[in-house]
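Hi there,

Here is the structure I promised to pass on to you.

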Amino acid sequence: MTELLRRLRYLLNRRRFDEELQSDMEFHREMAAREGRPNFGQDFGNTLRLREQAREAWGWTWIDRLSQDLRYAARMLVRSPGFTLTAVLVLAIGIGVNVSAFSLFNMVALKPLPVRDPDSLVRLERRSPEIVAGEMPYASVIFYRDHAKTLSAVMAVMGVPPMEIESDAQPAHASFATANYFAELGTTPTLGRLFDPTRDDDAGAPPVVVLSHEFWLRRFGGDPSVVGTTIHLNSKQATVIGVTPYAFATLGGQNPDIWMPIAQQPYFVEGSKALTDTSAGVVRMWGRLAPGVTAQMAEHELLALTDELRRQHPKDVWDGEYIKSDPGGHLQVMQPEMYQVAAMVALLTLLILAVACANLGGLLLARGVTREHEIGIRVAVGASQMRIFRQLFTESLLLAILGSVSGLALGYTALRVALQQMNAPKWLSAVPDWRVLLFVIGMTCIAAVFFGFAPALQIARQRQRKTLARQLLVAAQVAASCVLLIVAALLVRATHHALYSDPGFGYEQVLSIDPGLGRHGYTPAAARNYLNELQSRLRGLPGVTSVSLVKLPPMGHTISKIGAEVAGRPLDIYPNWVDAEFFRTMGIPILLGRNFLPGETNVVIVSQSLARAQWRGENPVGKPYWGHDIVIGVVGNARINSLNEDDTVEEYEPAQLADMPDMVVTIKIAGAPDGLIPAAKGIVQSLDPKVFPEIRLLKSAFRHEMQSVELAALAISGIGIVAVLLAAVGIIGLVAFTVSQRIKEVAIRLALGARQAQVLTAVLGQFRWPVVCGLMAGVGFAAATSRVLRKFLFGVSNLDPASYTTAIVVLAAMLALAAFLPARRALRVDMAKALHHD
Amino acid sequence: MPMVDTPKPIMPSGTLPMLILRVLHSGSLHGYAIAQRIHVLSTEVLAVEEGLLYPTLQKILLKGWVTAEWGISETNRKVRFYRLTPEGRKQLKTELAGYDRVTQAIQAILRTA
């Protein structure tokens, strides 16, 4: 038995050991008395104290003291229920907001996926110093799979545009996955079977599909006899072999309705060469590290394999290409910019906690004054400052614990609602895990120190009447609320700006048709013929005013971005490949120069913003661009592929024959575009029945894009309002307290004939500087740190004066009101009564 | 009530555990007997106060050098007897060896300096 275990035994059997000790000492005394030994008799002293000293050897006396303090604290809190309730509520909000935010982060980035051995899963992406690509050629994936010894398994997933199931109006989301996908994740089906590497990894095998649990319920009413039946996807027949589990965790959080084996992709997408193409990225690659292998070792080996691949296909491998691995066993593979967002959210929620703590600190200080009598008595009977501090801090700790428990409940509720609203993966649960609980414990301690430490110290030293502490608390509250309000105002402005400002192109009356010719193995010449036919048929439809081609349509699935340096400044250039009709279809004005001519090459049209950045006010028309192109025109700015960023620039090149298989048709209609969809669909189908186009209304795509922004702005505004209300409650409390302390002074001043305004100034004067300093600190802090918000501001400057002014005015008005209400009550004081009081 | 004096350091500091272990070497004793034995064996030079004896006993109980068991005192009272454990025996040996070395060193200084 080690010493620690013995110590624990003493703790658990404290009462018995204490009795034994007592009996020992009593016996000692009896013997000493019997034998009349003088030197023993003299040393008797206080038996209780002697016993306590002996017991201290066990090392558990602090528990006794703590439980004594806790009991006392609980009695104190129960005796003032109003204060306790306010304090717990304020803390519950402050801590609850933090708990929700952390739980969300925990779900996304920390919680391991409920799959087999999530720690060894890695996501593998193709990189080069210039290019970031999420998708890889399937042929390369196979090459890596066959040669990498550091990976025990390689999985690939290919997302495809929604597919038509039977002749439903609503298409189904579909993905192709390698046959080992489910086996590697250790997924067990709800019904039937999932992919079997020995049976389904073959292009010639009978075509099969696996249904997602949700789709099975939605489309097939949860009918168990669906297994074994045949369905038609884009008119291709396939057998349903199984249904995924209800709480199915996928790699990268993708959630298609239908899964198909990737080996059978050429069957489902007739004519596709996606599996054999060595250049175009079509699949996402995932791997499992072999036992004992680190990510660095795997990256090292893959680099050597990339070099080997370059020898085989020199054209298809980029200069400096390498494979980057990221831990893949979480809901989200975190990118540096996501951590930035997380840090920003953490900062905002911590600010709320700061407001709550400052608020509570003020309340505690005020309470300290009303408890002067009690504490005075305790000091008089010999309590040390330390002992009083410990007692007061224990009280704060108890409050913090109560607040945390309520905060945890609040956070759990908020998260549960959010998960339901967001249609999150079913395996995610709002129930706090050990990480969240640890976080809450940490928060409890931090909060207790923040709001309890300084007041306890001040009160223990009997300095609670000093105004400095109170002024500091007010300044802190004002500063933190100010930052929160400014951020909220900026985000609201940004949403407004994004929703109602002109993105530079018309989207209300535009329809896009993506026939996906490349996916069906169309050669450039065949694609050109198809598109020509399609365009001329579409032009014949009533109401169509213009039809054009574009490679990267607005709100499309692919975005291309060149990180360039223009005039010494880094600049993101968004390139696009279009035909001459495009600018008219999208309503983008040609400001200078001319449009593309048929068959033209080596020319480029730039956006006004690019022209300004590159040529600084000179006319760029006729100037060389990037060596081999000539600028022929300047068009208006249009954030086609970068809705969120205002300071981006665009360049347009004429689409060439080689681009044809990737082109998307955009159509402008005179009236409402909705009615045109069936007609357009009919035309596409009649041209080639194996092509299943994705037809979209740009306005719905735009709305969809904006929804998340609106939601974020709403959430942040909510947080901002909560912070301001917290601050207002705190200030009302503090002012009411200050006034009640000085009620006699107010009465005397009034009695001597002071005007009400003078009295108000005198009473509230101590808050003037703290409020001004707090406001300035808040504005300064917001201005310095809000640059990280730029991505979410849709082009609104992070120093937008309107947002700052609004925030400051709202806050100032709130503060004035919060101070005025309790102060006014003081002015109505019954002078005689106030002066007669004690 | 007599005044409580702070006990004068009669005992060389840190030697009480060793003395307790030593007197328990020849058989188990109760607390009072330990104090008495030390007092008697030291020809009444050393006195062990209650306020020092019991905390020290608790400490060496925790260390596992002695165990306590119930027994009957000479006055027919149920009382705890402390007994040396094998670990306590080992501890006593090392403490005695250490103490010997220290006292010899001190003696050497006192003789020559």
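Predicted model: local features only at pLDDT ≥ 70, side-chain atom pairs only at ≥ 80, totals over all residues.

**Notes on the model**

B:Asn76 counts as exposed, since 7 C-beta neighbours lie inside 10 Å; the scale here is buried for 20 or more other C-beta atoms within 10 Å of a residue's own, exposed for 12 or fewer and partly exposed in between, with C-beta atoms placed from the backbone. This residue is found in the loop between β2 (66-72) and β3 (78-84) of chain B.

Residues are numbered from 1 along each chain as its sequence is written, and chains are lettered from A and ligands numbered from 1 in the order in which they are written.

**Chain B**

Chain B has 4 helices and 3 strands, where helices (H or I, at least four residues) and strands (E, at least two) are DSSP runs numbered from the N terminus. Along the sequence the pattern is α-β-α-α-β-β-α. Of its 113 residues, 31% count as buried.

How are helix α1 (residues 16-24) and helix α2 (residues 31-41) of chain B packed? Their axes are 10 Å apart, at an angle of about 95°; axes are lines fitted to C-alpha atoms, for helices over the stretch in contact, and angles run from 0 to 180 degrees between N-to-C directions. α1(B) and α2(B) are therefore roughly perpendicular to each other, the word used for 65 to 115 degrees, with under 35 roughly parallel, over 145 roughly antiparallel and the rest oblique. B:Leu19, B:Ile20 and B:Val23 of α1(B) meet B:Ile34, B:Arg37, B:Ile38 and B:Leu41 of α2(B), a contact being two C-beta atoms, placed from the backbone, within 7 Å. By class, this contact has 6 nonpolar, no polar and 1 charged residues (Ala, Val, Leu, Ile, Met, Phe, Trp, Tyr, Cys and Pro count as nonpolar, Asp, Glu, Lys and Arg as charged, and the others, Gly among them, as polar).

**Chain A**

The domain assignment, automatic or from a database, gives domain 1 (3-59), domain 2 (118-330), domain 3 (337-499 + 705-836) and domain 4 (510-698). The C-alpha centres of domain 3 and domain 4 of chain A lie 52 Å apart.

A:Asp117 sits in the loop between α6 and β1 (121-127) of chain A. Although it is not a glycine, A:Asp117 has a positive phi of about 40°. With 16 C-beta neighbours inside 10 Å, A:Asp117 counts as partly exposed.

A:Ala295, in helix α11 (residues 295-312) of chain A, is also partly exposed, with 17 other C-beta atoms within 10 Å. Leaving aside neighbours within four places in sequence, A:Ala295 is in contact with A:Val122, A:Leu289 and A:Ser325. Its C-alpha atom is 7.9 Å from that of A:Asp326, 31 residues apart along the chain.

**Where the chains meet**

The contact takes 22 residues from chain A and 21 residues from chain B. On the side of chain A, the elements giving two or more residues are α1 (3-12), α2 (14-35), α3 (38-42) and α4 (47-56). The largest share, 8 residues, comes from α2(A). That side divides into 9 nonpolar, 6 polar and 7 charged residues.

Best wishes
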